[in-house]
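Please keep the sequence and the coordinates at hand while reading.

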Amino acid sequence: MRLIDARMRALTWLLMLGVCFVSGGATCARRDTTLQLPPPPPVLPQTPNLELVAAAVNRTSAIRELSTNTASVDVLSMPALPKLSATINLRKERDFRLKANLPIVMGSGLDMGSNNSLFWFEVPEGMSRLLYFARHDQYRQQLDRAVLPVDPTWVTDALGLVQIDPAQVLQGPVMRPDGKLEIRSALPMPAGTFQRVCYIDAAAGHVTDQFLYAPSGGQPIAESHASNHQFYVEHNCSLPHTVQFSLTPRVGEPLSMQIDVGVYAVNQILSGDPNLFVMPQGAANAIDLTTLAPASAGVVAPTHYQVPASYQSDTAGPMPYRGLVR
């Protein structure tokens with residue numbers, strides 16, 4: 001029983017650090033402020049049609065690789081947890097690696113990755129490591145009842161690389177009261193047809209917010225909020241340097257985190273590791289996520305974190321989503 005409890009705590013830690021989370025009303029002390037970048041140039045006319053909006057958003061298709069050694073991860077659901085220093089490397093379509101550690105205890109954090117075949121999360125378990133993994137094809141088959149109710153590609157999309165297929169659009173672009181454009185799309189998957197709502201900057205043409213709704217009942221299961229966009233002249237598109245992720249697990253409390261990026265290397269990988277997108281093999285225990293029922297992860301997320309005595313650490317929550325259009 002103690003082993004099961006420890007692994008469920010590790011999975012909860014994984015949920016908080018690894019994917020996307022919804023704001024559960026938790027408050028936290030203000031952390032370091034990210035340097036605000038100048039706004040990107042306007043590219044859209046005053047009343048753009050769907051084709052113009054999709055073309056503006058899809059400019060990020062020019063970006064095939066992103067890499068940074070200057071990222072930080074802030075778990076907003078656990079305000080006592082210090083920021084984690086992080087590296088991020090991705091290569092479309094499914095190659096992704098994020099490593100985040102406590103700044104004073106290297107190797108104490110999260111290893112999250114993906115390749116064309118599978119994805120994984122590796123977290124501490126006592127003096128060793130615990131690995132969760134799943135094959136993409138198998139996980140998508142059960143996404144409507146999985147412990148993590150999102151596909152891992154959601155992270156890549158939220159980092160600024162989301163694409164809009166006009167053929168999948170159900171509604172929009174519609175001008176919102178806050179001045180942003182709204183587009184609702186259908187996302188067919190083996191587990192059912194999900195719906196995604198994107199809010200788009202009406203002038204600069206980049207996605208600022210995303211909301212994902214489950215096939216059954218239309219309940220919100222994930223959202224992201226991107227800000228502090230930098231315009232990359234060479235690639236004629238913008239990327240956010242601050243992203244809040246959110247997730248509503250099937251069981252347990254809503255959870256939230258934020259990633260801040262200092263500097264991106266675009267269309268290059270800042271690593272010479274030939275195994276960068278290979279699942280690590282050194283974990284003492286490995287668990288296939290497709291074998292876990294949602295009820296087995298029904299633990300309460302920890303609300304306290306014991307900060308090392310020698311460490312000194314210094315947001316507003318994400319904007320609310322609109323109701324599902326009936």
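Which residue stands opposite Phe-211 in β10? The residue is Val-197. The model is a predicted one, in which local features need pLDDT of at least 70 and side-chain atom pairs count only at pLDDT 80 or more, while totals for chains, interfaces and linings use all residues. Residues are numbered from 1 along each chain as its sequence is written, and side-chain values use heavy atoms, with hydrogens and water left out.

The names of the elements follow DSSP: helices are H or I runs of at least four residues, strands are E runs of at least two, and both are numbered from the N terminus. Two strands are said to pair if DSSP finds at least two bridges between them. By that rule β9 and β10 pair in the antiparallel sense over 6 bridges. The two form a hairpin with 6 residues between them, and Gly-205 in the turn has a positive phi of about 75°. On to the next strand: β10 and β11 also pair in the antiparallel sense, over 5 bridges. Here Leu-212 has Ala-222 in β11 as its bridge partner. This hairpin, too, has 6 residues between its strands, with Gly-217 in the turn at a positive phi of about 90°.

How many of the residues of β10 are buried? The count is 7 of 7, where buried means under 20% relative accessible area, exposed over 50% and partly exposed in between, with a 1.4 Å probe and protein chains only. Ala-226 belongs to strand β11, residues 220-232. Ala-226 counts as buried because its relative accessible area is 12%. The C-alpha atom of Ala-226 is 4.8 Å from that of Thr-208, 18 residues away along the chain. Contact is taken as heavy atoms within 4.5 Å. Not counting residues up to four places away in sequence, Ala-226 touches Ala-158, Val-207, Thr-208, Pro-240, Thr-242 and Val-243.

β12 and β13 pair in the antiparallel sense over 6 bridges. Strand β1 (residues 65-74) pairs with β13 as well, antiparallel and over 4 bridges, and Ala-71 has Val-261 in β13 as its bridge partner. Strand β13 (residues 255-261) is largely enclosed by the rest of the structure, because 7 of its 7 residues are buried. In a regular strand the side chains alternate between the two faces of the sheet. In β13, Leu-255, Met-257, Ile-259 and Val-261 point one way, Ser-256, Gln-258 and Asp-260 point the other way, and all are buried.

Another contact of Ala-226, Ala-158, is among the buried residues of α4, together with Trp-154, Val-155, Thr-156, Leu-159, Gly-160 and Leu-161.

On a 1 Å grid over the protein atoms alone, a cavity is a set of points where a 1.4 Å probe fits but cannot get out, and a pocket is an open set with protein on both sides within 12 Å along at least five of seven lines; lining residues have an atom within 4 Å of a point. Grid points are joined across faces, edges and corners, and a volume is the space filled by probe spheres set on the points.

The largest pocket holds about 530 Å³. It is lined by 25 residues, and Arg-140, Thr-153, Asp-157, Gln-163 and Arg-196 are the closest to its centre. Two or more lining residues come from each of α4 (153-161), β8 (181-189) and β9 (192-200). α4 gives the most to this lining, with 5 residues.

The largest cavity has a volume of about 150 Å³. Its lining consists of 20 residues, with Gly-160, Val-162, His-206, Val-207 and Ser-238 nearest the centre. The elements that give two or more residues are α2 (50-57), α4, β10 (207-213), β11 and β12 (237-247). β10 gives the most to the lining of this cavity, with 4 residues.
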